[in-house]
Amino acid sequence: MNKEHSSVLKAWEATMRKTQAAKKRANSIFGITSMMNVAQNDVEDDTDKNVSTSDETYFAEKILPNGDYYTGQWHDNFPDGQGKYLWTDGCIYIGEWHKGKTMGRGRFTWPSGASYEGEFKTGYMDGTGTYIGANGDTYKGQWVMNLKHGHGIMHYSNGDSYDGEWRRGLQVGHGKYQWKNKNYYVGEWKNGVIFGKGTFVWSNGNKYEGFWEDGMPKGNGTYQWPGGSFYVGNWSKDPDEQNGTYYPSESSSAADLEWDPTTVYTDLANCKICHGERVSIMPSQKRLAMWYSTKGGDRPRRLSVDGRASVGVERPLDKTSLWESDGDGNSLREVRRDLDYELYDDTNPKFNLGLPLKVPKLGKRQGETISKGHRNYELMLNLQLGIRHSVGRPAPATGFDLKASAFDPKEKIWTRFPPEGSKYTPPHQSCEFRWKDYCPVVFRTLRKLFKVDPADYMISICGNDALRELSSPGKSGSFFYLTNDDRYMIKTMKKSETKVFLRMLSAYYNHCRSFDNTLVIKYYGLHCVKLTGPAQKKVRFIIMGNLLRSDFTIHRRFDLKGSSLGRITDKADSEIDNITILKDLDLNFIFKLQKSWFQEFCWQIDRDCEFLEQERTMDYSLLVGLHFREISPNGELMPCERRNSQNDATHRTDMDQLLQDPKSWASIKLGTNMPARVERTVRKPELELQLVGERTGECYEVVMFFGIIDILQDYDITKKLEHAYKSIQYDPTSISAVDPKQYSRRFRDFIFKVFAEDI
């Protein structure tokens, strides 16, 4: 080692000792505090031994402002190429870098002795790699964003092992788990538990082959003994549901005939699935204290190893996450906005790459609270009374296999609600009304399938907090109501829409049951209020989930169909806020998903569109919500690789905290809480109806939410006439009202253009 290198290492060691001592003193006085704002002047200029004024990559050894140490290739104030980074807490990364991000092959070690060696992508363990935990756990296989994803082999420190498929950190798909005592299971898994069809073999040779649910036999299965005896039947932990037949072998004794199938559940209760040790901090969470010479220039921001800068301007949590159906195509009105002005407006960032994108202003919480004196106050009370009655009504337990009769449109329950109350209903202050439940068994099972707790459901809709009504109905004529916690939306239904939904209810149920990650909106109930008196007015309601409900502020919302006629917001730029629903011609991004998610997204879009095409519906759209993770103090969106910052304050979202614990990944699924990137696009002014703009390479870190909404529009005579009328005036391919098969094809083509794999 040369003298210069030795002096740098000694200086780093001294600085690290001082830093650790300072932390201890601070912790003893104030508790645990952050040491991120260490003054850069504390670092002597003579540590800058290999400064190059050219724009070329060069070798550098640097002691960074907080005591971190880096040695390796350097370019434009960032590690770039091969390099070694030592954090003051003892974490070390040795490997490839690209523009300040760990990218390529490398090795990351923790102070505990744990290590990961393999591929990295934008700071995450991503690709093929081997993790060895401090307790001896070893995983070798595929990774996506710090989580086991794909095929991999796990050897646990307790002697157990698993060889099979993983998905977001949990066993999903086909795999073999072997316990230390030589028992093993081969078969299907779901969310880290045995689920589906598989075979369990005990070390004594006994074997169960059949179906499983939540780690226990459930459904048809066969239990076999080495001697040839076997038991066939329907398995369940509930003794009333357990039944089967025992077939003894010639060598069986009389005692064998007394065998009790429930002993299998006792044996299996001792076969626990090991979850492995929890990683304390992920490589993507380690921040780089970027060095910069004090002799001039702006200092770059402090970065995490995935290259994200922190600017400390996250807004307070805003749960306003509302979408609304605009029903485009139901009206024959032309767009009133002067398109020529916008299409040639070079002050609009949609057309001018030189203008930075800014976060939209926060809009007021949408909707008017329905309080006493409101014109629909009694209707709200009726709705809440009816929901409380429907959900709280005793009902026999049912499985997920429903009889065909449950889906019959005639399967409905009428209940009378007199003001003075009745044997089944409470007294109330509203007028007398009748309440109808459509297909109650189906919707109760759907809520169970969607994991909706009945008590929480009632509290959200029927609690002390009033509903909120949108200030104006959608173009379809429907009114929308929101629960106070924004979890559920209630939409008034036309009779024709109700008929369409009841017609397709069986197919909808089977589709949602078959595809856990379906993007089709979730429906929880279909009801009708019939007011008594001369008017005999009927109001039909459907209850659905709010796709964009989140603790993250949703900065941008897009309603995307793949058509161009009328698909632009009619608001001036100054009036657009974060609750404005933008449309196809307003879109100025490409949505970039990680490889595994992109593949899953494309597959699921195909399945969902096949379902909607089969049910002859059209005019649906993909609702997309974006939360931008990096915003400058002046409100500008910060691209991923923009380096200069006006302040050194640090801000990180909660996403990496979610990634620390694989169990927390359950809140991140296709279409919900998805970390992703968006690439900015710019439209050509001369192309008036350009659906997808030109890609610019300028990307932004986001959290995404998306799903398919408005699926109940049948291609009826009204839509056929609309198509015929508009086809005379406009390009038939540009209008929304088209045949379901053509609509599905056009929708998919467009969606697959605006979504891409993040390479």
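## Terms and basis of the model

Two strands are taken to pair if DSSP finds at least two bridges between them, and the strands themselves (E, at least two residues), like the helices (H or I, at least four residues), are DSSP runs numbered from the N terminus. The model is predicted, so that local features need pLDDT of at least 70 and side-chain atom pairs count only at pLDDT 80 or more, while totals for chains, interfaces and linings use all residues. Residues are numbered from 1 along each chain as its sequence is written, and side-chain values use heavy atoms, with hydrogens and water left out.

## The chain as a whole

The protein chain contains 11 helices and 36 strands. Of its 759 residues, 53% count as buried, a term that stands for under 20% relative accessible area, against over 50% for exposed and the range in between for partly exposed (1.4 Å probe, protein chains only).

Where residues at least 6 apart in sequence are in contact in the protein chain, 56% of these contacts join residues at least 24 apart; contact here means heavy atoms within 4.5 Å.

Strand β6, which spans residues 115-121, is mostly covered, since five of its seven residues are buried. The hairpin formed by β5 and β6 has five residues between the strands, and G113 in its turn has a positive phi of about 105 degrees.

Strand β7 (residues 124-132) is also joined to β6 by six bridges, and these two strands run antiparallel; K121 has Y124 in β7 as its bridge partner. Two residues lie between β6 and β7 in their hairpin, where T122 in the turn has a positive phi of about 45 degrees.

## Positive phi in two loops

Most residues other than glycine have a negative phi. C439, although not a glycine, has a positive phi of about 40 degrees; C439 sits in the loop between β22 (433-438) and α5 (440-449) and is buried, with a relative accessible area of 0%.

D710 is likewise not a glycine and has a positive phi of about 55 degrees. The loop that holds D710 lies between β34 (694-709) and β35 (713-714), and D710 counts as buried at 13% relative accessibility.
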